[in-house]
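Please open the model in the viewer and follow the stops below in order. Each stop names a selection and then describes what is found there.

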Amino acid sequence: QVQLVESGGGLVQAGGSLRLSCAASGSMFRFNAMSWYRQVPGKQRERVAGITNGGTTNYADSVKGRFTISRDNAKNTVYLQMNSLKPEDTAVYYCAAGRVLVAIPSYWGQGTQVTVSS
């Protein structure tokens, strides 16, 4: 049973920063692709950022230059550093694990709420 547990969400003013963490049960190295997604009620879930074991990253255009994804396999944790937050970044953020970045992940966390006030 794979468990992904997100933390670090909360309420922040526009222009502020938050760092999300996602702790995986067991070895995270077995998941080549770790990603962060977000979802707003009534909208499709969108991928925000992804990272492979080799360090390859990709980002949604809407967050490029503001968000940074990283992973620490020794700690079985993936992070999402979010800077210069905007009200439109408000969403539930999900951590996800899979084999490749281009495929839909196999495992998902329960989500953490991020709210950015204007």
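A salt bridge is a side-chain nitrogen of Lys or Arg within 4 Å of a carboxyl oxygen of Asp or Glu. The model on display is predicted, and it holds 4 salt bridges.

**The whole chain.** Begin with a cartoon view of the chain, which shows 11 strands and 0 helices. The C-alpha atoms fill a box of roughly 40 × 25 × 25 Å along the principal axes. A compact globule of 118 residues would have a radius of gyration near 13 Å, and the chain agrees with this at 13 Å. Of the 118 residues, 43% are buried.

**Arginine 38 and glutamate 46.** Select these two residues next; a salt bridge joins them, with 2.6 Å between the closest N and O atoms. Is arginine 38 buried or exposed? Arginine 38 counts as buried because its relative accessibility is 6%, under the 20% cut-off. Glutamate 46 is partly exposed, at 31% relative accessible area.

**Arginine 66 and aspartate 89.** Now select this pair, a salt bridge whose closest N and O atoms lie 2.7 Å apart. The two residues link distant parts of the chain, 23 residues apart: arginine 66 sits in the loop between strand S6 (57-59) and strand S7 (67-72), and aspartate 89 in the loop between strand S8 (77-82) and strand S9 (91-98). Both arginine 66 and aspartate 89 are buried. Display Arg38, Glu46, Arg66 and Asp89 together to view a network of salt bridges.

**Aspartate 61 and lysine 64.** Finally, select these side chains, which form a salt bridge at 3.1 Å from N to O. Aspartate 61 and lysine 64 are both exposed.

Definitions and conventions:
Residues numbered from 1 in each chain as written. Predicted model: local features only at pLDDT ≥ 70, side-chain atom pairs only at ≥ 80, totals over all residues. Heavy atoms only, no water. Helix = DSSP H or I, 4+ residues; strand = E, 2+ residues; numbered from the N terminus. Rg over C-alpha atoms; globule rule 2.2 N^0.38 Å. Buried < 20%, exposed > 50% of the residue type's maximum accessible area, 1.4 Å probe, protein only.
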